[in-house]
Amino acid sequence: GVLPSPDGPAPSVSITEIRQYLRAQDIPFHDGYSCLHTPSLFTGDRGDQPLSANAPFTLFIDKTTGSFLCTATLAEGTWQDFQANVEMRHHGVTPIPPASSEETEEEMRQAREDARCIWERALPLWELLDEKETKETKALFGISQVTDATLKRFGVRYLRTARSLVFPWFSPQDATLKGLKLLRVEKKGGTKTYVEETLPRFDSYRNLFGLPLIGRRDTELVLTGWELDALALHQAAGVASLALPRGASSLPPTLLPYLEQFKRITLWLGEDLRSWEAAKLFARKLSLKRCSLVRPGNLQPRPLEALNQGLNVTKILRSALLASHKSIISFRQLREEVFGELVNTEQVSGVKWARFPELNKLLKGHRRGELTIFTGPTGSGKTTFISEYALDLCMQGVCTLWGSFEINNVRLAKIMLTQFAGRRLEDQLELYDEWADRFEELPLYFMTFHGQQNIKTVIDTMQHAVYMYDITHVVVDNLQFMMGHEHLSVDR
């Protein structure tokens, strides 16, 4: 997903301003965990009547960005769009949801169509040729313990031609098929890796897998990073569970409204330290006070593994730690964490580079919260090297933000695409689309800045990107751009 960052950061709005505006406009609201809830501007009573507090509160305003989503009509937009719609209502005009571009509409329609064709060709696992094929397929995906009833409940199917499991994305409104995710297994030597593909493409795929099965009255939820974990949790512990569309790599803010109904959310994203870090990051977005985290460890693998090993899943869930650590804690409360660091020494050293073993020795991998500066004379290959270095991590799922003040994004993307494909695409243009499609799936974002910039604007944009895309790696090329401004107040 090479998304352009918004041109300059979205004008920021504070939660205080949002509340003041709603009160001034007589719009009733509840204060939720990550959002404010109000009646929708897009449903029910029209014209200049005040919004009734008896109407269902289906419109959610993100407390951090001011963006809104109406879960009843799927209207969404920025804080500015929201205000414009309120103005229209005052003038007796029916608000219209901000339109997405026709291009996007067309893409989404096409994706739904493709998804429908695949879905119709896919079969429930128990309807394969014979029991042997069913057994082998379940074993391949590590779901031998998952019952047919569970698979049926979540609507999981199998596409034989692609040897892939198919997870549907049903609209919670009307249960129509909006898209799907395909999961296949690649075997290299003794290791199995899972490969995912989504329709629509990765940045528009926003399925909280399992959402239509959630009851209105459910108040507790387990949030996982993988569809198969959601199946395992439901089967082993009978709990309401959902899977995030992009696993532990990000929690898109547009999904927050759907999570507002839960008073308690347990995050069990995976079994490595990266998913633990991600859980801590997501808990902040979801509001710490209602979140608990399952610590990864030998006795607490990911839910599917726990089911396969016959562990007591309910007991693991009960042992989850509260996310809201008090500011002052004793060693007793740190014990577990310290033990975890000792158990996972290899992982604590961060995400290892696949292509730079020597660099791993020096830097112990990419560790969050560290600053690394590369220096060298002009033309010595800093940019080329850094783009290779960032790409290496990005391909391993580290969400990366590029701020290039030296060369423009098109040239930078060209360098990175060439490095990614490992070939000169100029000479093989027929391969361009295939590589570009794969490159687009990377969690990579570019800031659209050029030349000298006000530092505050740059920092604001970075913060916005961190909230929106869960960025954990920021590359700034280069530091000189900061020197152009004599802001004495800024600590360079």
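Close-up 1. L371 is placed in the loop that links α12 (357-363) with α13 (382-394); helices (H or I, at least four residues) and strands (E, at least two) are DSSP runs, numbered from the N terminus. Together with I373 and L479, L371 makes a nonpolar surface patch of about 330 Å². Patches consist of residues with over 30% relative accessible area and no salt bridge, with like charges joined within 9 Å and nonpolar side chains (Val, Leu, Ile, Met, Phe, Trp, Tyr) within 5 Å; a salt bridge is a side-chain nitrogen of Lys or Arg within 4 Å of a carboxyl oxygen of Asp or Glu. Accessible areas come from the Shrake-Rupley method with a 1.4 Å probe, and for residues only the protein chains shown count as cover.

Close-up 2. Five strands, in the order β12-β11-β13-β14-β15, form an open sheet with mixed pairing, and its edge strands, β12 (241-243) and β15 (321-322), each pair on one side only; two strands pair if DSSP finds at least two bridges between them. Strand β11 (residues 220-224) runs parallel to β12 and is joined to it by three bridges, with V222 standing opposite S241 in β12. Helix α7 (residues 273-286) packs on the sheet and touches β11, β13, β14 (291-293) and β15, its direction making about 175° with that of β14. Helix α6 (residues 227-237) lies across β11, β12 and β13 (264-268) and runs at about 170° to β12. Axes are lines fitted to C-alpha atoms, for helices over the stretch in contact, and angles run from 0 to 180 degrees between N-to-C directions.

**Close-up 3. Buried D229 in helix α6.** D229, which lies in helix α6, is buried, with a relative accessible area of 0%. Leaving aside neighbours within four places in sequence, D229 is in contact (heavy atoms within 4.5 Å) with T224, R302, P303 and L304.

**Close-up 4. Exposed I96 between two helices.** I96 lies in the loop between α2 (79-90) and α3 (102-121) and, at 57% relative accessibility, counts as exposed. Not counting residues up to four places away in sequence, I96 touches F42, N85 and M88, while the C-alpha atoms of I96 and A84, 12 residues apart along the chain, are separated by 9.9 Å.

Residues are numbered from 1 along each chain as its sequence is written, and side-chain values use heavy atoms, leaving out hydrogens and water. As the model is predicted, local features need pLDDT of at least 70 and side-chain atom pairs count only at pLDDT 80 or more, whereas totals for chains, interfaces and linings use all residues.

How values were computed:
Buried < 20%, exposed > 50% of the residue type's maximum accessible area, 1.4 Å probe, protein only.
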